Amino acid sequence: MEILIVFGLVLAVAVYLAIRSNRLGDTTTSSSQSGVNEKPRLTTNQRQRTTPPQSFDPDHTLPKPDVTILAGSAYVVDGDTLVIKKTQVRLFGVDAPAMNHPYGKKAKSALVSLCKGQKIRAEVTEQDTHGRTVAKCYLEDGRDLSAEMVKLGLAIDWPKFSGGKYRSMEMPDARKKLWLANARQNGHMGLWKQYEAKQMARKMND
């Protein structure tokens, strides 16, 4: 009888150890499969989110203006450029002749007359490729400086930037008079080079 009891106890212990061994084996397998001891696998979306962003390329961006509105007296640079509070401002949506081009000095003179004694309000819209702040500029009585210059026949609408806002205000012969500004808008910069080469040659011969 005692032998049977001992045998039964040995058998019970053996069964218990076998069951325990199986449970440990399942736990190890489960841990491995669940990735506890492995580097977790990322889904496609996770891989996309963890991809390092492309480096910033300053050569293809332009800085945003520090302010949205400038107000004060204006120093006139040329027919479509002012300086307000040490900030160079390009008149929005129009193109006036350069100082060394036909009507360039006249355009500057007209803008000087408009701005004289005035506090100009410049509402910044963007930064141009030359680093100038582009703004819609207004006189104290609310007149748009870009519109005034076009009405005087000393600037032309630049639809690429204005959306054609000032085209109907142009003088009938404006584009003929300001043919170099018109050439620039149409991408004919060769005409500029030819004109300036002739100007340089004249200066050398004087």
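This is a predicted model: local features need pLDDT of at least 70, side-chain atom pairs count only at pLDDT 80 or more; totals for chains, interfaces and linings use all residues.
**Aromatic pairs, core and pocket**

Phe92 and Tyr166 are both buried. Phe92 belongs to the loop between strand 4 and strand 5 (94–95), while Tyr166 belongs to the loop between helix 5 and helix 6 (174–177), so the pair ties together parts that are 74 residues apart in sequence.

The structure holds two aromatic pairs. Trp158 and Phe161 also form one: their ring centres lie 5.1 Å apart with the planes at 75 degrees, so this pair is edge-to-face. Trp158 has a relative accessible area of 13% and is therefore buried, whereas Phe161, at 38%, is partly exposed.

Trp158 and Phe161 also belong to the lining of the largest pocket, where they are among the residues nearest its centre, together with Arg90, Asp128 and Arg132. Strand 4 (87–91), strand 6 (120–127) and helix 5 (159–162) each give two or more residues to the lining. By class, the lining comprises ten nonpolar, eight charged and four polar residues.

The largest nonpolar core has 27 residues, and Leu82, Leu91, Leu111, Ile120, Cys137, Leu145 and Met149 touch the most other members. Two or more residues come from each of strand 3 (81–84), strand 4, helix 3 (104–115), strand 6, strand 7 (133–138) and helix 4 (145–151). Helix 3 gives the most, with five residues. Beyond four places away in sequence, the contacts of Met149 include Leu91, Ala107, Ala110, Leu111 and Leu114.

Technical notes:
Residues are numbered from 1 along each chain as its sequence is written. Side-chain values use heavy atoms; hydrogens and water are left out. On a 1 Å grid over the protein atoms alone, a cavity is a set of points where a 1.4 Å probe fits but cannot get out, and a pocket is an open set with protein on both sides within 12 Å along at least five of seven lines; lining residues have an atom within 4 Å of a point. Helices (H or I, at least four residues) and strands (E, at least two) are DSSP runs, numbered from the N terminus. Ala, Val, Leu, Ile, Met, Phe, Trp, Tyr, Cys and Pro count as nonpolar, Asp, Glu, Lys and Arg as charged, and the others, Gly among them, as polar. A nonpolar core is a set of buried Ala, Val, Leu, Ile, Met, Phe, Trp, Tyr and Cys residues joined through side-chain atoms within 4.5 Å. Buried means under 20% relative accessible area, exposed over 50%, partly exposed in between (1.4 Å probe, protein chains only). Contact means heavy atoms within 4.5 Å. Rings of Phe, Tyr and Trp (its six-membered ring) pair if their centres lie within 6.5 Å; planes under 30 degrees apart count as stacked, over 60 as edge-to-face and the rest as tilted.
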